[in-house]
Amino acid sequence: MTANDGKLDRRALLLGAVFLVGGAAALMRFSRKSTATSDGAGPALSAEQFSLLELVADVIIPGTDTPGALAAGVPAFLRDMLAAWGSRATRTEFVSVLEAIEKQAWAQFGASFSELPPERRLAIMRTFDAESLGRQDAAYSKFKYLVLVGYYHSEVGATQELRYELVPGAWRACLPLTEVGRASAV
Amino acid sequence: MDFDAIVVGSGISGGWVAKELCERGLKTLVIERGRHVDHRADYLDFATPWEVSNRGQVPQDEVAEHYPIQSQCYAFNSASKQWWVRDSEHPYATPTDRPYNWIRGYHLGGRSLNWGRQTYRMSDVDFNAHKLDGHGIDWPIRYADISPWYDRVEKFAGISGANEGLEHLPDGLFLPPMALNCLEVAFKQRTEADHPTRRVTVGRCAHLTEPTPEHIALGRGPCQLRSVCERGCGYGAYFSSLSATLPAAQKTGNLTIVTDAIVERLDYDHAKQRVSGVRVIDAKTKQHRSYQARVVFMCASTIGTTQILLSSTSEAFPNGLANRSDTVGRYLMDHVVGIGATGTHPKFRDRYYYGRRPTGFYVPRYVNVTEKGGAEFARGFGFQGYSGRCSWTRGAQEAGVGAELKERLRMPGPWEMQLIGFGEMLPRADNRVRLHATRRDGWGIPLVDIDCTHGENERRLAEHANQDAAQMLTAAGFENVAPLGKMAPPGSSVHEMGTARMGRDPASSVLNAHNQAHDVRNLFITDGACMASSGSVNPSLTYMALSARAANHAADLLASGEI
């Protein structure tokens, strides 16, 4: 995250001292509550981190004409999966992405991500997503993948947003896309 | 005698030997080192994506501690994990700078449960290869010898595929082929037009597209296009020991199976010049016992069989059973993998497919066959191909969040295609499996020590395959064409073979033309160890045919009193 920190610091400097002080205090508070859990014990995310994850997941996959990440239970799924599946390094990396998003909120708008209105959260995530993927940030790409697999392989994501058949029963090799309608979940 | 025959191993080879021997009326014992598995009941093939633990991913700490090698197999996931050994419990040695991936599972049915199910016949291009280029030794058989046995195993196993009329990829007795998708049809047309010497055909695979009464009588049903094959198939739609050969053997009333029985060594009776017993260690209690039979078949997998032969020393065979030639453990081969190319196609955006076809397509070998001259290496490679439209996973690399992202991922992404090379590996005496001098496993058996590297021929072949794959994709209008990369460590294609090879000369080979040990007449080996050359096609169908052929030959010899 070193390169990321550098970029954010430059932007933070432009935003002025008040934001810097407030941001630094908030980040310290955030960091204190995000101590890594011991392997196999306790939740993988603190309550504060979990709240932020809910907000971020809601921005990445919002409810539209179909349910979004929140309705599909993605944050709770990711919390449980991080505990059951993720190594300490993976959990730390996941949390570091949340921290970077929070940092960007302070840098861009001078407030915590959770205190910003939805359109500003979307603006932050658009920037953060494009910049992170633009520099091939592996930590963020993995984070985003987990949000996406959490959603598209949930029952809601696979069957309402996309298509999924447990037993297709047939292979039709070449069809008009309109006949199939949507992408297959698997 | 306890039994007429003992078969060590219950995978693809062992299942076939057991079926054929039992059907010939021989009381047969199958010894499996792993646990018992119940067909259907023990499979996780009806779990939806949201029911599979951790969306298919095995916990990272568990992978690091127990599965660092096995997890490199593409089919390893949280719903198929039970078909792989824990590396932590089943270690083997390699030189630190020369890795070898020994990927395997210890359970009833062996790797027939999680194999790739690609099934191709070898041809006289393979059986005659030594005569033409001098590499390795001459196979003691030709295509005419094995062809009727390919017929026999294809009919029973159920192989889906298209006949192509190629001498170097012989036709077979196939069930109806699965169709190529829109992009594959276009790729086939362009490639065959550019190169009349090359062919693109749908992957031949051990799947029932139209089960015969014989398949149905065994409780097998048609493929449901689910593509969760690596978990085991409750429909019995793909061939495995559990769906097909062992049930058929069981029906005869002649089959006995013991599981959790690790074969430690074979006893040799010097006076009678025969294998006189099979010593096993109970995997759970570690107690020793032994079994006797008139004939013994080794089907414990290439490296497993080698380990047992090398452990079976005696006054007559100080270097391991049936090893007067000093070739047991040598000439280890795999297929060269990790090579080929990938690309995306800009067209056909209005076309899609329905169902999850459990096979890809195949480009059979052409180098040094239909395209002679120009290649700077011996033998050749085939390509297994995959194509489909990119899924939602592309969203993790492409910028975009919110309603826009959701809208975009709702529809399939661009078409992509991979050409994955499988290259022949030449047999070299110093690519070998030995017993470790000091280290032993949890049952007191010496660890295998594998030292195997690719040679200059493999490196040249890999380079050529990368270039050809990229060229074919580019010519067919693909974009973002990129070679797959460098050769994966040997073992990675899970086609290990060659360490007790067939041959005409007892001085340079272990087995004769019927997979019978030159040195020990009641010992047969029909797993991958028997292969004199690797060819370029997936070997399992050949193991099936050689196993059925050898089993019937042994039954003939038993009937005539010759063994």
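**Close-up views of a predicted complex**

View 1. Helix α1(B) is mostly covered, since eleven of its twelve residues are buried, a residue being called buried if 20 or more other C-beta atoms lie within 10 Å of its own, exposed if 12 or fewer, and partly exposed in between, with C-beta atoms placed from the backbone. The structure is a predicted model, in which local features need pLDDT of at least 70 and side-chain atom pairs count only at pLDDT 80 or more, while totals for chains, interfaces and linings use all residues. Residues are numbered from 1 along each chain as its sequence is written, and chains are lettered from A and ligands numbered from 1 in the order in which they are written. The buried residues of α1(B) include Ile12(B), Trp16(B), Val17(B), Leu21(B) and Cys22(B). The helix comprises residues 12-23 and reaches 17 Å from its first C-alpha to its last, close to the 16 Å expected at 1.5 Å a residue, where the expected span is 1.5 Å times one less than the number of residues. Helices (H or I, at least four residues) and strands (E, at least two) are DSSP runs, numbered from the N terminus. After α1(B) comes Gly25(B), whose phi is positive, near 90°.

**View 2. The parallel sheet of chain B.** Five strands of chain B form an open sheet in the order β4-β2-β1-β8-β17, with parallel pairing; two strands pair if DSSP finds at least two bridges between them. At the edges stand β4 (255-258) and β17 (523-525) of chain B, each of which pairs on one side only. From one strand to the next the twist averages 20°. Within this view, β1 (residues 3-8) and β2 (residues 28-31) of chain B pair in the parallel sense over four bridges, and Val8(B) stands opposite Ile31(B) in β2(B). Helix α1(B) packs on the sheet, touching β1, β2, β4 and β8 (293-298) of chain B, and its direction makes about 170° with that of β2(B). Axes are lines fitted to C-alpha atoms, for helices over the stretch in contact, and angles run from 0 to 180 degrees between N-to-C directions.

**View 3. The antiparallel sheet of chain B.** An open sheet of three strands in chain B has the order β5-β6-β7, with antiparallel pairing. Eight bridges join β5(B) to the antiparallel strand β6 (residues 274-282) of chain B, and Asp269(B) stands opposite Arg274(B) in β6(B).

**View 4. A helix pair in chain A.** Helices α3 (residues 47-60) and α6 (residues 118-134) of chain A pack at an angle of about 80°, with their axes 10 Å apart. That makes α3(A) roughly perpendicular to α6(A), a term that covers angles of 65 to 115 degrees. The contact is made by Leu55(A), Val56(A), Val59(A) and Ile60(A) of α3(A) and by Arg121(A), Leu122(A) and Met125(A) of α6(A), residues being in contact if their C-beta atoms, placed from the backbone, lie within 7 Å.

**View 5. The surroundings of Gly382(B).** Gly382(B) is found in strand β12 (residues 381-389) of chain B and is buried, with 27 other C-beta atoms within 10 Å. Not counting residues up to four places away in sequence, Gly382(B) touches Tyr362(B), Val363(B), Pro364(B), Arg365(B), Phe422(B), Ser536(B) and Val537(B).

Conventions
Contact = placed C-beta atoms within 7 Å. Parallel < 35°, antiparallel > 145°, perpendicular 65-115°, else oblique.
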